[in-house]
Amino acid sequence: MKLWQVTKLIRSKNSGPFELTFDVIFKDRATYEKVRDAKTINQQWFAKAYRLAPEVVSIINYDAASAIKITIPRPVISGDINDTDVFGGQQYGPLVDLDVLYLKAE
Amino acid sequence: MSEIRILSATGMLGSGFREETLRRAMALKPDFIGVDSGSTDPGPHYLGSSDTHFSDSAYKRDLRLMLIAARAANIPAIVGSACTAGNDDQLARLVGIARDIAREDKLKFKLAVIHSEQDKDYLKKKLREGRIKPLANAPRLDEAVIDRSAHIVGMCGIEPYIEALQNGAEVIIAGRSSDTSIFAAMPVMRGFNPATVWHAAKILECGAACVVLRKYPDCMFATVTNDSFVVEPPNPEYRCDPVSIASHNLYENSTPYELIEPSGVLNTFAAKYEAVSDRAVKVSGSTFRPAERYTVKLEGAELAGYQSIIVGSVRDPIILRQLDSWLEGMNKAIGDRILAVFGADVAAKYQYEVRVFGKNATMGPLESETAVGHEVGLLFQVTAPTQELATAIMKSVGHMAVHYPVPEWTGLITSIAFPYSPAEIARGPSYRFNLNHVVEPASPLEMFRIEYENV
């Protein structure tokens, strides 16, 4: 399975002009708990996928919404002359096809 | 009083709501109507230039319906972060629109106008006193940054709104404001538990964003008691469930558990979200820790330069197979040509880059996938201190780029498709957010001047 198949929303957005935040919201609690406990989305994986140092990656599990949140510093301030994505809305691509192989198709 | 009822008109003034939904919501007898009119989302242009994210017509449509409803019910209408960034120009613009509405629709009200634009001498004094502190990833701040800012605004808390309400304001239009303060001010003034109030305000500030499936912007409604609140969409086509309400804490926030306000921090770690029907949710259990020191967040924008851009594309497989080296050679040739035309002094004055759509134009330095397909788009960009220089440089860039050779072809080639004539497009001034700091004012009202007017 891929991450998109078990989530109802994967998104990215500015958290203010100086940070980017990613939300992975799962379809159901049980799947969320499996992915959360397997630590598939971890600092090392995220840092590698986004070419960052692991220590700048913050990951928070949010049980109330069966969601995992990742926050990183913006590489460029929102809207600065070499920014590529003012809203930060299209930065989640690498998460979409992340393998969650331990989840079997139902 | 055991409860207070809050109507949020929509997530952002100018984005719209259904007239029918507003009518239904007014039948629920709200104690006030609030709406946020701002965002830093669309970037620094709006704070820097005073341009607005929506048109005057869009602001007027939403504000007219709100003001008519609020005056008919004799309840306050509160608007925060006027016209995108809430600087003084944008505040004056929205106040002007409100006056036009009052005249055209024969409305009378006491208006409070809360100014959020900051005096540069005040900020420099605070900086010298060590009372301006950086937040995460803040750029460097010194007095020169303050001097060269086009506009600096402070994000007001609930206190200026409470001051205005206590002075009898029936309509409040504020400059930059924390989104939640628009909705939290009146409930806190009436003595409701700040933890409940701030959590409700966080849910309400985005209008219908907290519903299960938001098809279009619309109103939201909450009934707040001391230890819980119930949120229920007034639009019968919409429904909330515990997950949709809990999920909203994730939005545009680096943690779903904390919301930092000037006067303290809302913590939702222990919050409970319970369905009270198939479309209403009851929320309780959050806590609010008052801040040891009151702080006001600053937002600033400065001119980064003037830009000229060219959009083009490449389809030749020969070029695409050597895209990186072709661009590298082209960029060097362009740099040499600019020096030849404009002299050695130009090097420190301009910035040039080319972005490759189809490779890493979306994620830039974060991209690890760099294979290209059967065509790529190119975006050439020049930034310079004047539009004249940016455009002049770009004319040379365009000509160098469009004929830049590859070894496989002999003779003059035309290697880039330009969709427009002229190829270069003047983008005008480009701004940069230059502050991510908080100020410690002597009092919550010190940074926010309030004017009153009988409209």
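Visitor: Which residues in helix 1 of chain B meet helix 3 of chain B, and which residues do they meet there?

Guide: B:Glu19, B:Leu22 and B:Met26 in helix 1 of chain B meet B:Leu65, B:Ala69 and B:Ala73 in helix 3 of chain B, where contact requires C-beta atoms, placed from the backbone, to lie within 7 Å. The residues of this contact divide into five nonpolar, no polar and one charged; Ala, Val, Leu, Ile, Met, Phe, Trp, Tyr, Cys and Pro count as nonpolar, Asp, Glu, Lys and Arg as charged, and the others, Gly among them, as polar. This is a predicted model, in which local features need pLDDT of at least 70 and side-chain atom pairs count only at pLDDT 80 or more, whereas totals for chains, interfaces and linings use all residues. Residues are numbered from 1 along each chain as its sequence is written, while chains are lettered from A and ligands numbered from 1 in the order in which they are written.

Visitor: Why are helix 1 and helix 3 of chain B described as they are in relative direction?

Guide: The axes of helix 1 (residues 19–27) and helix 3 (residues 56–73) of chain B come within 11 Å and cross at roughly 20°, the axes being lines fitted to C-alpha atoms, for helices over the stretch in contact, with angles from 0 to 180 degrees between N-to-C directions. Angles under 35 degrees count as roughly parallel, over 145 as roughly antiparallel, 65 to 115 as roughly perpendicular and the rest as oblique. Helix 1 and helix 3 of chain B are therefore roughly parallel to each other.

Visitor: What makes helix 9 of chain B largely enclosed?

Guide: A residue is buried if 20 or more other C-beta atoms lie within 10 Å of its own, exposed if 12 or fewer, and partly exposed in between. In helix 9 (residues 194–204) of chain B, eleven of the eleven residues are buried, so this helix is largely enclosed by the rest of the structure; among them are B:Trp198, B:His199 and B:Lys202. Of the 455 residues of chain B, 47% count as buried.

Visitor: What makes strand 12 and strand 20 of chain B edge strands?

Guide: Ten strands of chain B form an open sheet in the order 12-13-9-8-1-2-3-7-4-20, with mixed pairing, and strand 12 (272–275) and strand 20 (450–454) each pair on one side only. Two strands pair if DSSP finds at least two bridges between them. Three bridges join strand 3 (residues 77–84) of chain B to strand 7 (residues 171–174) of chain B, which run parallel, and B:Ala77 stands opposite B:Val171 in strand 7.

Visitor: How many helices and strands are there in chain B?

Guide: There are 13 helices and 20 strands in chain B, taken as DSSP runs (helices H or I, at least four residues; strands E, at least two) and numbered from the N terminus.

Visitor: How many residues does the contact take from chain B and from chain A?

Guide: The contact takes 35 residues from chain B and 35 residues from chain A. On the side of chain B that touches chain A, the residues divide into 15 nonpolar, 16 polar and four charged.

Definitions and conventions:
Two residues are in contact if their C-beta atoms, placed from the backbone, lie within 7 Å.
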